[in-house]
Amino acid sequence: MNLDYQYTASWLKEQLPQIPSVAMILGTGLNAIAEQSEIRAQIPYAEIPGFVSTTAPEHKGNLILGELKGIPMIFLQGRFHYYEGYPMPMVVFPTRVLAALGIRTLIVTNASGSLRENLSPASLVLITDHINFMGTNPLIGTNDDSLGERFPSMNNPYDQQYLEQCEKIAQHKGIPLHKGVYIAVSGPSLETKAECAAFASWGADLVGMSTVPEVIVARHSQMRVLGFSIVTNYSNLFHNQAHSQEEIRHNAEKASANLLPIIAEFVQNIHFS
Ligand code: HPA
């Protein structure tokens, strides 16, 4: 397994006509966002040194350079999950490569189960904070001091200014946008009712199996992070049935229609000093 992110970043610099300052990782059911941009270049993960193929449903596995209203962005269609059996360094490898490319702002997205009755399926939620309950941490091991510090702060990992900007954009556009705390579990089994009740009592609003490793690594490299979750189902706190992948895809697509206009407006207004 080749995990040389500097090498992969140099390789990508040769393939892509330009390197933007913003990247977005697209989770379950959100691939279409990249396809609605003006696509300038598209590279399948299978061709990118060090990238593996994603086995998760609804994760396409392409790196896309696209423009949203003239603003260039890198889109990663799909991610590698811990539950797929990939070791943590592999899960966060694409984020490390984005940092090595010089990406300054990382937008992360995911699908989640709701731990709150008022966050119904197809809700769009701004992630305000997270709880890492995956049982591991992507920074375990020797620290690369050239990337970041040994004990990086996780005080407000989700950029406060970005949160305010997105709330204003949503309000202005009349798009319902909730806020919530995301708890990451390893999966792949879904949560029991007792686990959901525990997570809700800890202050979590949403539960999912991704994103937190990427955010930890992004903050280690001083990237500014914006996170969105789309609620694809109520967690087991609220019902007694299993949910289908079909239901999850349907609700993800419904919520993603509201996400694109917020992102398009947000990237118009990011200023890099
Ligand atoms: N639990 C964990 N991960 C998820 C869920 C869920 O209910 N829905 C979508 N991803």
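A: A term to begin with: a crossing of two helices is left-handed if the near helix is turned anticlockwise from the far one by less than a right angle, and right-handed if clockwise. Also keep in mind that this is a predicted model.

Q: OK, so is the crossing of α1 and α4 left-handed or right-handed?

A: The crossing of α1 and α4 is right-handed.

Q: What angle do they pack at, and how far apart are the axes?

A: Helix α1, residues 5–15, packs against helix α4, residues 93–101, at an angle of about 60°. Their axes are 8 Å apart.

Q: Why those two numbers?

A: Packed helices are described by the angle between their axes and the distance between the axes.

Q: Which residues meet there?

A: From α1 there are Tyr 5, Gln 6, Thr 8, Ala 9, Leu 12 and Lys 13. On the α4 side they meet Phe 93, Arg 96, Val 97, Ala 100 and Leu 101.

Q: And how many of those are nonpolar, polar or charged?

A: Seven residues of this contact are nonpolar, two are polar and two are charged.

Q: Switching to the ligand. Which residues are around it?

A: The residues around the ligand are Ala 111, Ser 112, Gly 113, Leu 190, Glu 191, Val 207, Gly 208, Met 209, Thr 232 and Asn 233. By class, four are nonpolar, five polar and one charged.

Q: What do the polar side chains do there?

A: An N or O atom in the side chain of Glu 191 is 2.9 Å from a nitrogen atom of the ligand. Asn 233 has a polar side-chain atom 2.7 Å from a ligand nitrogen, and for Thr 232 the distance from such an atom to a ligand nitrogen is 3.5 Å.

Q: How much of the ligand does the protein cover?

A: On its own the ligand has 260 Å² of accessible area, and the protein covers 90% of that.

Q: Which elements give two or more residues to the shell?

A: Those are β5 (105–114), β8 (206–208) and β9 (224–234). The largest share, three residues, comes from β5.

Q: Last topic, the backbone. Which peptide bond is cis?

A: The bond from Gly 187 to Pro 188 is cis, with omega near 0°. Pro 188 sits in the loop between β7 (178–184) and α6 (193–201).

Q: And what about phi at Lys 69?

A: Lys 69 has a positive phi of about 45°, although it is not a glycine. Its place is the loop between β3 (62–68) and β4 (71–77).

How values were computed:
Residues numbered from 1 in each chain as written. Predicted model: local features only at pLDDT ≥ 70, side-chain atom pairs only at ≥ 80, totals over all residues. Heavy atoms only, no water. Near = heavy atom within 4 Å. Polar contact = N/O pair within 3.5 Å; in protein donor to acceptor, adjacent residues only side chain to side chain. Areas by Shrake-Rupley, 256 points an atom, 1.4 Å probe, with all protein chains shown as cover. Helix = DSSP H or I, 4+ residues; strand = E, 2+ residues; numbered from the N terminus. Nonpolar A, V, L, I, M, F, W, Y, C, P; charged D, E, K, R; others polar. Axes fitted to C-alpha atoms, helices over the stretch in contact; angles between N-to-C directions. Contact = heavy atoms within 4.5 Å.
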